[in-house]
Amino acid sequence: MKKSRILTLLLTAALLTQLIACQNNSDNPPPTNLTDVDQSDSLSADTGDGFALPDINWDGREFRVLGYDCVRSNFNTFEIYAESENGDVVNDAIYRRNATIEDKYNVKITEIINPDSNSADWNICNSSVIRKTAISGDDLYDLAFNTVCSIGTLARENLLYDLNTVDYIDFDASWWNKQANKNVSMMGKQYFASNDFSLRDKDRVNIGLYNREMVDSYNLGNPIELVREGKWTLDVLTEWALQVSNDLNGNGEVDDTDQFGICCSSFDGFQAFLTGCNCQVMTKDSSDMPIITLNTEHMTNSIDKVLEFAARKDVTLFCEDWVGKVDYDYWSTASKNFKSGHSLFVTTNSRALAGYSAECTVDYGIIPYPKYDENQENYYSLGERHCMLFCIPISCNDPDFTGFMLEALAHEATDTSLKAYYEISCKTKYTYDEDSAEMLDLIYSGIIYDIARIYSINGISDIIYNIAMKRSNTVVSDYASNESKAKADIDKLIEDLSE
């Protein structure tokens with residue numbers, strides 16, 4: 001990453017003298033572009049946490065961020081802008097965060113909502129707008145948010161800046177998500193990223209909820225302590241799920257009112273369990289080059305472990321199984337069952353926590369997905385395909401200004417908007433839950449994205465989803481029939497990103 005130059009004390013003194021002179025001379029207004037003056041770390045006020053941006057007066061310049069707001073799907077960017085304080089904790093924190101940045105650096109933060117938000121396919125989100133402006137060269141956005149499942153295509157088309165070449169961004173700082181950013185880099189390039197400013201990546205990450213009352217009534221143990229001890233594993237969850245599953249109405253049939261060990265909000269929950277086992281369809285080697293890891297022994301063994309509970313319909317409920325079988329939206333089958341106290345564990349995302357807090361009839365807690373076994377070092381969580389990361393379109397004429405603003409917003413967000421988001425998310429039955437806050441922090445620090453899906457690798461992106469549908473471990477044969485297509489597309493990916 002590009003670092004600001006460190007000047008000698010003599011040069012610093014001379015530069016400060018020049019700046020003072022400029023302030024006293026109306027014919028020399030403050031700089032509005034990074035190229036207008038040579039900035040240095042010596043002009044920065046280090047806050048003690050490594051944050052040391054120079055105090056640039058941007059002369060009222062707009063920071064233009066492309067956002068998204070799809071009412072029909074409730075997929076929206078909410079972390080960018082707040083018009084005023086309205087009593088909502090997160091909204092008000094965003095407003096105060098922006099006001100602090102705007103006052104300190106004399107900038108104006110502006111959100112430009114994609115006008116096609118409610119008509120276009122939400123899977124592609126802002127891709128069409130970013131592509132159109134990049135190709136035309138129209139400098140309309142300094143930053144843009146886009147979904148995980150479509151943002152990689154823009155990188156393959158060379159329409160995004162490599163953030164490693166942008167000044168002021170410090171990926172080593174605590175307000176940047178190191179695990180997630182390392183996960184989505186490719187060939188030493190960082191085309192999109194996450195930090196404390198962005199919330200849509202956290203809002204759509206896969207998390208687990210567990211029924212505390214059921215855990216106690218069955219004397220299962222303390223799952224939070226197991227997490228802390230590194231002993232929250234698939235074997236433990238499987239044992240518990242099999243133990244609590246019950247045909248409540250005694251009709252000998254599986255129906256939506258039975259008691260399940262696990263309820264999954266979709267078949268994507270199957271992949272989330274595999275991600276918890278540190279299994280990925282595709283990853284990178286030590287040189288940050290793409291490699292396929294779908295066909296590994298660890299993946300095969302992990303699928304077998306997950307199928308021990310996922311293949312049993314009396315133990316695991318998948319929402320898609322209830323299409324046409326219930327008199328309500330089948331997507332809510334998992335949440336309805338858990339909220340009524342009829343399941344031990346449910347897969348969901350942070351965005352749904354407010355609904356669980358308001359509607360659950362039982363006490364619940366937040367928990368990460370279990371590890372493969374106790375030898376696994378960390379807990380990992382799958383970032384949904386509709387998570388959003390941010391990027392800088394190639395049509396932006398001053399990416400260093402964007403880097404400046406990203407650093408300023410992320411640092412300020414840590415104790416404002418991110419803290420407020422935690423406060424709301426960690427309320428179970430309206431009360432702040434310290435254990436759940438600890439678990440969310442652990443979950444967010446271990447976010448993994450499916451880079452095969454990010455970069456739309458032909459042939460392998462949907463294999464895990466299809467295995468979940470079949471409830472049968474066909475990964476070896478599925479990969480064999482798609483291997484040539486996948487390898488050819490990875491070669492093309494390398495070619496695309498090398499241009």
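## A salt bridge

Arg96 and Glu85 form a salt bridge, with their closest N and O atoms 2.9 Å apart. The term requires a side-chain nitrogen of Lys or Arg within 4 Å of a carboxyl oxygen of Asp or Glu. The pair links distant parts of the chain, 11 residues apart: Arg96 sits in helix α2 (residues 89–105), Glu85 in the loop between β3 (75–76) and α2. Across the whole structure, a search finds 24 salt bridges.

The model is predicted: local features need pLDDT of at least 70, side-chain atom pairs count only at pLDDT 80 or more, and totals for chains, interfaces and linings use all residues. Residues are numbered from 1 along each chain as its sequence is written, and side-chain values use heavy atoms, leaving out hydrogens and water. Helices (H or I, at least four residues) and strands (E, at least two) are DSSP runs, numbered from the N terminus.

## The four-stranded sheet

Four strands form an open sheet in the order β4-β1-β5-β14, with mixed pairing. Strands pair if DSSP finds at least two bridges between them. β4 (107–113) and β14 (388–391) are the edge strands; each has a single partner, so one side of each lacks a neighbour in the sheet. The twist averages 20° from one strand to the next.

Strand β1 (residues 61–67) runs parallel to β4, joined by seven bridges. Glu62 stands opposite Lys108 in β4.

## Helices across the sheet

Helix α3 (residues 127–136) lies across β1, β5 (143–147) and β14, at about 140° to β5. Helix α14 (residues 399–413) lies across β1, β4, β5 and β14, at about 80° to β1. Axes are lines fitted to C-alpha atoms, for helices over the stretch in contact; angles run from 0 to 180 degrees between N-to-C directions. Contact means heavy atoms within 4.5 Å.

## Two helix pairs

Helix α18 (residues 463–470) packs on helix α19 (residues 475–498) at about 140°, with axes 11 Å apart. The two are therefore oblique to each other. Oblique covers what remains after under 35 degrees (roughly parallel), over 145 (roughly antiparallel) and 65 to 115 (roughly perpendicular). Ile463, Ile467 and Lys470 of α18 make the contact with Val475, Asp478, Tyr479 and Asn482 of α19.

Helix α15 (residues 417–425) and helix α16 (residues 434–444) pack at about 125°, with axes 10 Å apart. That makes α15 oblique to α16. Tyr421, Tyr422 and Ser425 in α15 meet Ala437, Leu440, Asp441 and Tyr444 in α16.
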